[in-house]
2 protein chains.
Amino acid sequence: MHTLEDLQQIINDSFDKLKFDQKPKELYDPINYILDLGGKRLRPALCLLACELFDGVIQQAISPALGIEIFHNFTLLHDDIMDEAPIRRGKPTVHIKWNPNVAILSGDTMMALAYDYIMKAPGEFQQEVFSVFNKTAIEVCEGQQYDMNFEIQDDVSISDYLEMIRLKTAVLLAGSLKIGAIIGGANKEDAENIYLFGEKLGVAFQLKDDLLDAFSDENKFGKKTGGDIVTNKKTFLYLKAFEMAEGSNKELLGLLFQENPIDPAKKIKKVKEIYRELRVEAATKKEIELYYNMALNYLDKVNVSPEKKSELVRFAYQLKQRDY
Amino acid sequence: MHTLEDLQQIINDSFDKLKFDQKPKELYDPINYILDLGGKRLRPALCLLACELFDGVIQQAISPALGIEIFHNFTLLHDDIMDEAPIRRGKPTVHIKWNPNVAILSGDTMMALAYDYIMKAPGEFQQEVFSVFNKTAIEVCEGQQYDMNFEIQDDVSISDYLEMIRLKTAVLLAGSLKIGAIIGGANKEDAENIYLFGEKLGVAFQLKDDLLDAFSDENKFGKKTGGDIVTNKKTFLYLKAFEMAEGSNKELLGLLFQENPIDPAKKIKKVKEIYRELRVEAATKKEIELYYNMALNYLDKVNVSPEKKSELVRFAYQLKQRDY
């Protein structure tokens, strides 16, 4: 068995060899650019790991894994236009470096290229791999739409939010694992359990991200904390705090999340004071623990020796414990 | 054999039954909206026609045909954002009626939905149908990129332009026919010839569109002529005129196509005077005739009785002769 890091390296090597040299270069340059920005290559590496879990040949899963990563980067590209984000992985986003039209169209092309790679799965698995991928692709779009809806929606519940991050973030992790499992020859039940492992873990992952955005060690996290607070993002922390707050605290929190202050430091400080008072950090950690445990329960059900599962267990634990 | 009109009706009936009721409605409403705007449903109808040409069962081709039309409407949706077009088929475009973010994201979702329908082709043909479709999807994006490039590119040649419209317009007509042929059980050679018939005809179709934009009967064409002239679009007419013009005419034409006049009527009049002087209309008709004849030559090679081909021959002739 490879470690996750080995597999991330294999994916990185594959991307190093992958250049889209076709014309017009105005279309393919941005595609090469965003794929070269790197990232952890987590989803394709998990796809390979799941393939190995069922004694599959990882070479058969590499192209579909690349397809998943191309799709993931396509969603980042289009999301960045919608969010008007200027920076991605420390570099200008495509719509800034080029322009929004280029970003729309190279994104569209990446989506088609993603399908190309997905369909390089071995013939016997093509139909199933396609189904998982396509369902996932649609759900990711739905998740992004909910995320945009929530920006202007007042009555977002915690369960609405959990469903949104399930769609926007978790199903792609889950789908990556399931596609790897299918190519590895897993039976239906095992493939479904590995999917649910990924789905629950994906939710835990996003909740951890929410938590780190407010409470991480800035030196380790690599970016300023409080970004979600400044942009009034209705994260789990905010929704939980608002649910638990009473009286003047509830009112204040509501008001703070309508503000766009010129000096955000004061706002971050105030919101975090309320979060601390309400023990929101502990409540979020409890929710993460809940999803983490659900994930491990699904992994337990997979009919494979515990030794083989150990790399996924290690990965899940790291994800929960990470402080950056 | 059905007529093309019968098949257009079958496609329209299928779209009437097709409603995307999923949530979030903010994502699916625009998809239903653009699909309900109608249009001639030419591509899916041609897909069914090609299926019948080879004695296929059109029911097997309906879902892929719908996939093609969903894809086509997705390209219109994203193109309209890029072109900042306010109106499509007499109604506000999606990015105007909603907003650009909604238009980007529902477009992305339509692309995934298109693949869903494409992959409903019978199992034995799935891989081949997918390949044709995916190659086509990528080429359409390339064509759109060339089209955008040409807006700011000075040295566009006639062959550059023909290649652009081949990619942007013709390959989707060609791919629709080929997908239908594959599902109808055509052999490789016949499927390729029907593809090339569609490709050449698609180029003729776009050239005819260029011609009608300048020289149609406005009452029949349903929109004002001269739109391409006003927006300085480097159509076949302009490129041909510029190639043939000499001296002061060439200079004047070049200058006119850098202008954005407040009163465009005068500019249209001047440009059309030059076109008339240079007999650009005749030159364009000659080019259309050339592609039309190439198309028919490929159709001739298809190993099917002339009676069965007659509907495609009629369609090609109508396309060439249409005056709106």
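Predicted model: local features only at pLDDT ≥ 70, side-chain atom pairs only at ≥ 80, totals over all residues.
**Entry 1: how the copies are related**

I superposed chain B on chain A, and a rotation of 180° with 0.0 Å of shift along its axis does it, at an RMSD of 0.0 Å. That is the relation of a two-fold axis. Background for myself: two copies of a chain are related by a rotation about an axis and a shift along it.

Next I asked which surface each copy uses. Of the interface residues of chain B, 100% are also interface residues in chain A, so the copies meet through the same surface.

**Entry 2: domains of chain A**

Back to chain A on its own. Chain A is divided into domain 1 (1-186) and domain 2 (196-324). I took the centres of the two domains over C-alpha atoms, and they are separated by 23 Å.

**Entry 3: helix α4 of chain A**

I checked the length of α4(A). It has 25 residues (58-82), which at 1.5 Å a residue should span 36 Å; the end C-alpha atoms are 35 Å apart, so the two values agree. Where is the kink in α4(A) centred? It is centred on A:Pro64, and the bend is about 25°.

I then looked at how covered the helix is. α4(A) is mostly covered, with 20 of its 25 residues buried. After α4(A) comes A:Glu84, and I noted its positive phi, near 50°.

**Entry 4: the cis peptide bonds**

I went through the peptide bonds for cis ones. In chain A, a cis bond joins A:Lys23 and A:Pro24, with omega about 0°. A:Pro24 sits in the loop between α1 (4-17) and α2 (25-36) of chain A, and A:Lys23 is in the loop between α1 and α2 of chain A. Is A:Lys23 buried or exposed? I counted 11 C-beta neighbours inside 10 Å, so A:Lys23 goes down as exposed, given that a residue with 12 or fewer is called exposed. I also took one distance from here: the C-alpha atoms of A:Lys23 and A:Lys234 are 42 Å apart, with 211 residues along the chain between the two positions.

In chain B, the bond from B:Lys23 to B:Pro24 is cis, with omega near 0°. B:Pro24 is in the loop between α1 (4-17) and α2 of chain B.

**Entry 5: positive phi away from glycine**

I looked at A:Arg89, which is not a glycine but has a positive phi of about 50°. A:Arg89 lies in the loop between β1 (87-88) and β2 (91-92) of chain A. With 11 C-beta neighbours inside 10 Å, A:Arg89 counts as exposed.

B:Asn232 is also not a glycine, and its phi is positive, near 60°. I placed B:Asn232 in the loop between α11 (227-230) and α12 (236-244) of chain B. It has 16 C-beta neighbours inside 10 Å, so I put B:Asn232 down as partly exposed.

**Entry 6: B:Leu167**

Last, I picked B:Leu167, in helix α8 (residues 158-183) of chain B. With 22 other C-beta atoms within 10 Å, B:Leu167 is buried; 20 or more is the cut-off for that. Which residues does B:Leu167 touch, leaving out those up to four places away in sequence? I listed B:Glu139, B:Val140, B:Glu142, B:Gly143 and B:Tyr146. I also looked up B:Gly226, 59 residues away along the chain, and its C-alpha atom is separated from that of B:Leu167 by 24 Å.

Note on methods
Residues numbered from 1 in each chain as written. Chains lettered and ligands numbered in written order. Helix = DSSP H or I, 4+ residues; strand = E, 2+ residues; numbered from the N terminus. Domains from an automatic or database assignment. Least-squares fit on C-alpha atoms with pLDDT ≥ 70 in both. Contact = placed C-beta atoms within 7 Å. Expected span 1.5 Å × (residues − 1). Bend = angle between axes of the 7 residues up to and from the residue.
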